[in-house]
Amino acid sequence: MDFGKLPDISRVDFTLPPNHPDTLPLLQSSGSYLKPQVYVGLPVWVNKAWVGKYYPAGMPEKESLLWYGKQFNTIELNSTHYHIPSPDTIDRWRNMVPRGFKFCPKFPQLISHEAALRSTQDVTAAFCASIAGLEDKLGETFLQLPPYFAPPQLPDLEAFLQFIPESIPLNVELRHEAWFTDNVASLELFEVLEKYKAGTVLTDVAGRRDVLHMRLTTPSAMVRFVGNGLHPTDYTRIDAWVERLKEWFDNGLRQLYFFVHEPDNTLAPELATYLIERLNKVCGFDLKLPKKYALPVQGELF
C-alpha cells in the first residue's frame with residue numbers, strides 16, 4: 001500500500017489514538033456477549049519469497065491460494081478493485097480454501113473512484129451478485145473512497161449505501177482530510193454509517209495518522225495495518241493494537257478483520273504471526289499460527 005508511505009519514519013508519533021467517544025458506547029449497546037470471530041490475513045496470496053518458507057518448496061504458483069488458506073483465515077481481496085471476477089473465478093476461489101475462510105473484496109474502482117458512487121447501480125449490482133457466489137466464504141467488503149471524495153458528497157455515499165443488499169456487509173474507508181478535521185462532517189458521516197449498518201475501515205499508516213479515527217459504527221472492526229519492514233515500531237504498534245482490541249472485545253466487539261501490510265509484503269507473514277501470538281496470549285484466544293516449512297539441509301538425506 002503506497003497510501004501514507006514515508007521514506008523516513010524517525011519523526012512519526014505512532015501512538016495509537018484514544019477511542020472515539022462513541023466507540024465503546026456503540027460496542028456496549030451491541031447486545032449480549034458472543035464469542036468474537038477473529039480473522040487475520042494479508043493483502044496478497046502470491047509471493048515467490050514465501051515458497052519454501054510459508055508454502056511448500058516447489059509449489060506451483062497456481063496453488064498459492066490453496067496453501068495461503070492453510071496458513072491464514074482471511075484475505076484482503078484487492079484484485080476486485082480492478083475487475084469484477086467471473087463466476088468461474090469465484091467458484092475456483094471458493095473451492096480452494098477451507099471452511100471458515102473469509103474473502104474480503106474491495107469494491108471496484110469504477111464505482112469508488114471513476115464514478116465517485118454516482119449512477120453506479122448496474123455495476124454495483126453486478127459486483128454484489130458476483131461476490132455473493134463466495135457464499136459462506138464471503139466476509140466483509142470494503143469501499144475505499146479516493147482522497148478527493150469530500151464531505152459535500154455525503155449524500156452520494158448515503159444513496160449508495162441504500163442500494164447495497166443486507167447480505168453484503170460493507171465497511172467504508174475515507175481519505176479526504178476534511179472528514180477528520182471537520183467535526184460536523186465526521187458526526188454526520190458516522191450517523192449515516194450507523195443508520196445503514198456500515199462499518200469503518202481503520203488504516204494505520206505512517207504518513208496519515210489522521211485517518212486512524214478509532215470510530216466503530218458496528219460491532220465489527222476492520223484494520224489495515226501498514227508496517228515498515230519489521231522496524232521495531234511495527235512490533236510496539238502491534239502490542240498497542242492488541243491491548244486496544246482486548247478492551248474492545250471486553251466491551252462487546254464481535255468480529256475483527258486485521259490485515260497486515262509490509263513493503264512488497266514479503267515480511268507480512270512474520271508480523272501477522274506475531275499479532276496472532278499476542279492475541280492468543282493477551283486475549284486468551286486459540287488462533288491457529290501459520291506454519292513455517294523448513295528447507296532441507298544439503299546432504300542430510302545422504
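**Cores, helices and loops**

Modeller: Start with the largest nonpolar core. It has 79 residues, and Phe-103, Leu-157, Trp-241, Trp-248 and Phe-258 touch the most other members. Helix H10, residues 268-283, gives the largest share of this core, nine residues. Keep in mind that this is a predicted model.

Biologist: Why is this core said to lie between domain 1 and domain 2?

Modeller: Both domain 1 (50-218) and domain 2 (219-289) give residues to this core, so it lies between them.

Biologist: Which residues does Leu-157 touch, not counting those up to four places away in sequence?

Modeller: They are Leu-117, Leu-143, Leu-145, Phe-149, Leu-189 and Leu-193. Another core lies apart from the largest one. That other core has seven residues, among them Cys-104, Met-222, Tyr-257 and Phe-259.

Biologist: How many residues of domain 1 and of domain 2 are in contact?

Modeller: 30 residues of domain 1 are in contact with 23 residues of domain 2. The centres of the two domains, taken over C-alpha atoms, are separated by 19 Å.

Biologist: Now the helices. What describes two packed helices?

Modeller: The angle between their axes and the distance between the axes. Take helix H6 (residues 154-163) and helix H8 (residues 183-195). Their axes come within 10 Å and cross at roughly 5 degrees.

Biologist: What makes H6 roughly parallel to H8?

Modeller: The crossing angle is roughly 5 degrees. The label roughly parallel covers angles under 35 degrees. Therefore H6 counts as roughly parallel to H8.

Biologist: Which residues meet there?

Modeller: From H6 come Leu-154, Leu-157, Glu-158 and Leu-161. From H8 come Glu-188, Leu-189, Val-192, Leu-193 and Lys-195. By class, this contact has six nonpolar, no polar and three charged residues.

Biologist: On to single residues. Where is Gly-139 found?

Modeller: Gly-139 is in the loop between helix H5 (121-132) and strand E4 (141-144).

Biologist: Why is Gly-139 called buried?

Modeller: Its relative accessible area is 4%. Buried means under 20%. So Gly-139 is buried. Leaving aside neighbours within four places in sequence, Gly-139 is in contact with Lys-102, Phe-103, Cys-104, Pro-169 and Tyr-257. The C-alpha atoms of Gly-139 and Glu-76 are separated by 9.7 Å, and these two residues are 63 residues apart along the chain.

Biologist: How do you know that Pro-146 is buried?

Modeller: The relative accessible area of Pro-146 is 1%. Pro-146 lies in the loop between E4 and H6. Beyond its neighbours within four places in sequence, Pro-146 is in contact with Ser-112, His-113, Arg-175 and His-176. Pro-146 and His-113 are 33 residues apart along the chain, with their C-alpha atoms separated by 5.9 Å.

Biologist: What makes Val-211 buried?

Modeller: Val-211 has a relative accessible area of 4%. That is under 20%, so Val-211 is buried. The place of Val-211 is in the loop between strand E6 (199-204) and strand E7 (220-226). Leaving aside neighbours within four places in sequence, Val-211 is in contact with Phe-3, Leu-174, Phe-180 and Thr-203.

Biologist: And why is Asn-280 called buried?

Modeller: Asn-280 has a relative accessible area of 17%. This value too is under 20%, so Asn-280 counts as buried. Asn-280 sits in helix H10. Its contacts, leaving aside neighbours within four places in sequence, are Phe-285, Asp-286 and Leu-287.

Biologist: What is the phi of Ala-116?

Modeller: Ala-116 has a positive phi of about 50 degrees although it is not a glycine. Most residues other than glycine have a negative phi. Ser-119 also has a positive phi of about 50 degrees, and is not a glycine.

Biologist: Where are Ala-116 and Ser-119?

Modeller: Ala-116 is in the loop between helix H4 (109-114) and H5. Ser-119 is in the loop between H4 and H5.

Biologist: Are they buried or exposed: Ala-116 and Ser-119?

Modeller: Ala-116 has 13% relative accessibility. That is under 20%, so Ala-116 counts as buried. Ser-119 has a relative accessible area of 74%. Exposed means over 50%, so Ser-119 is exposed.

How values were computed: Residues numbered from 1 in each chain as written. Predicted model: local features only at pLDDT ≥ 70, side-chain atom pairs only at ≥ 80, totals over all residues. Heavy atoms only, no water. Core = buried A, V, L, I, M, F, W, Y, C linked by side-chain atoms within 4.5 Å. Buried < 20%, exposed > 50% of the residue type's maximum accessible area, 1.4 Å probe, protein only. Helix = DSSP H or I, 4+ residues; strand = E, 2+ residues; numbered from the N terminus. Domains from an automatic or database assignment. Contact = heavy atoms within 4.5 Å. Axes fitted to C-alpha atoms, helices over the stretch in contact; angles between N-to-C directions. Parallel < 35°, antiparallel > 145°, perpendicular 65-115°, else oblique. Nonpolar A, V, L, I, M, F, W, Y, C, P; charged D, E, K, R; others polar.
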